[in-house]
Amino acid sequence: MKNIKQSWAEPYKIKMVELLKMTTPAQRKKAMQDAGYNTFLLKSEDVYIDLLTDSGTSAMSDRQWAGMMLGDEAYAGSRNFYHLEQVVQDVYGYKYLIPTHQGRGAENILSKILIKKGDIIPGNMYFTTTRLHQELAGGKFEDIIIDEAHDSESEFPFKGNVDLDKLERLIKKHGAAKIPYVSMATSVNMAGGQPISMKNLKALRAMTKKHGIRVIHDMTRVAENAYFIQQREKGYENKTIKEIVHEINSYTDGATMSAKKDALVNIGGFLAVNDWDIFEEARNMVVVYEGLHTYGGLAGRDMEAMAIGIGESVSDEHIKARVGQVIYLGEKMLEYDVPIVKPIGGHGIFVDAKKFLPHIPQDNYPAQTLAAEIYLDSGVRTMERGVVSAGRKANGENYYPKLELVRFTIPRRVYTQAHMDVIAESAGRVYQRRAKIKGMKMVYEPKYLRFFQAQFEKLK
Ligand SMILES: *Cc1c(COP(=O)(O)O)cnc(C)c1O
């Protein structure tokens, strides 16, 4: 008798579909040229499968949509704010909530409150908007992630870990007074969605406590990180995602959140803190940048959808299917020999463009080039996470990140397993003709966060 494997499937079914436009190679060629070979500048209409980002692109549940109808659009004191506040306290365990229009709104306010000119902010790898707000507030970001995170070959299970020796050296060099907080992210985005372990986080907490340094949590993908802890860390195999999320947060003093990721909404974010003084200042500052402290740039219905989405995001069944789909895609790509970052992360597959296109130097943007080629092949939209995203230092020099990646980010609850097959096959086809692919030059560069709007031309 044949041994039948035990499959699993999504813990939801599809109630409404969105039709997609299919394009021809000639249409894609024109669209890519018009977009200056920057996938951010493509019209979404010209995209078949959109893996640009998992940010704000997830599918809401029928319950979240029902919640939208319960929006209390009062200027002040909306009941949806109080619902959200209660969920943030219950699920995440933080005391005080300031809603913001999205994650960077929270980063702006937090950076302005905690950072003084000349301060050092150590963190487990930079994130674009996070570091920019730290710098705009007068601080300097210092990377203290473990070396394995910069090595796409390393299969270390917790590549998001903080290197405590690096932190210790920074404290010795600058003094704890110059370090307002450690910027700790779960599921480190720029490292490929790699998790931090609970053990490392506990040790970080112990070290920072000794020096009176806060830990601020970028909790954008905390549930995905919790899943990896549950799967990989001893002592957590029988804990629920909700319990693990709660424990992670308990070792931190506050958090910034882009609810457009884990929390299954199309817009929204927040700042959450345990310290009344910071809360008081943030509550005052949010009025300047976002809106009154009971809406922070969001409609009541947005806050309701977020409150419900947070609850769904920490369900064990949900997160198993979410990360399971990402792992399915990664394993398919490996079958076609496509070089990807391992272990496979939580929110997408990161293809190693340096290995994929070893003949293209970093100054000719291998990851940017590869993202353009994938679109030309299949209409699948991905994005660059390499030298273009890294941008320039304050003195104008380019950052040259070790990792030169193309991110295939998977929206939550949006695409099917058949879509994953199409994506992997496209990456495999482009890989087969890689030797013929040439790099690009940048012909337009904006001043801030250049990856969003830069334009390129193909080298002849
Ligand atoms: C998306 C993201 C942010 C910024 O959030 P926005 O909602 O896009 O402003 C911050 N940190 C991480 C890790 C993110 O992925």
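Helices (H or I, at least four residues) and strands (E, at least two) are DSSP runs, numbered from the N terminus. By that rule, Tyr415 lies in the loop between β12 and α16 (417–432). The model is predicted: local features need pLDDT of at least 70, side-chain atom pairs count only at pLDDT 80 or more, and totals for chains, interfaces and linings use all residues. Residues are numbered from 1 along each chain as its sequence is written, and side-chain values use heavy atoms, with hydrogens and water left out.

Tyr415 counts as buried, at 10% relative accessibility. Buried means under 20% relative accessible area, exposed over 50%, and partly exposed in between (1.4 Å probe, protein chains only). Tyr415 and Ile49 are 366 residues apart in sequence. In space, their C-alpha atoms are 8.2 Å apart. Gly192 and Tyr415 are 223 residues apart in sequence and 20 Å apart from C-alpha to C-alpha.

Leu405, Arg407 and Thr409 point one way from β12. Val406 and Phe408 point the other way. Both sets of side chains are buried.

β12 has strand partners. Two strands pair if DSSP finds at least two bridges between them. Strand β9 (residues 348–352) pairs with β12 in the antiparallel sense, over 5 bridges. Here Asp352 stands opposite Leu405. Strand β11 (residues 383–385) also runs antiparallel to β12, joined by 3 bridges. In this pairing, Met383 stands opposite Arg407.

Strand β5 (residues 181–185) runs parallel to β6, and 5 bridges join them. Ala185 stands opposite Asp218 in β6. Strand β7 (residues 254–258) is also parallel to β6, with 3 bridges between them. Asp218 has Thr256 as its bridge partner in β7.

β5, helix α7 (residues 198–211) and β6 make a right-handed β-α-β unit. A crossover is right-handed if, with the strands pointing away from the viewer, the path from the first strand over the helix to the second runs clockwise. One is Gly192, with a relative accessibility of 1%. The other is Ser187, also with a relative accessibility of 1%.

The shell around the ligand holds 14 residues, and Gly103, Arg104, Asp218, Ser258 and Lys261 come nearest. A residue is near a molecule or strand if one of its heavy atoms lies within 4 Å of it. By class, the shell divides into 1 nonpolar, 7 polar and 6 charged residues. Ala, Val, Leu, Ile, Met, Phe, Trp, Tyr, Cys and Pro count as nonpolar, Asp, Glu, Lys and Arg as charged, and the others, Gly among them, as polar. Helices α4 (103–114) and α5 (128–136) each supply at least two residues of the shell. α4 gives the most, with 3 residues.

A backbone N or O atom of Gly103 lies 2.8 Å from a ligand oxygen. A side-chain N or O atom of Gln102 is 2.9 Å from an oxygen atom of the ligand. The side chain of Arg221 also has an N or O atom 2.9 Å from a ligand oxygen. The protein covers 95% of the 380 Å² of accessible area that the ligand has on its own. Accessible areas come from the Shrake-Rupley method with a 1.4 Å probe.

Some backbone angles stand out. Most residues other than glycine have a negative phi, and most peptide bonds are trans. Ser187 has a positive phi of about 45 degrees, although it is not a glycine. Leu264 has a positive phi too, near 65 degrees. Leu264 is in the loop between β7 and β8 (269–273), and is buried, with a relative accessible area of 0%. The peptide bond from Lys342 to Pro343 is cis, with omega near -5 degrees. Pro343 lies in the loop between α12 (316–335) and β9.

Methods:
Polar contact = N/O pair within 3.5 Å; in protein donor to acceptor, adjacent residues only side chain to side chain.
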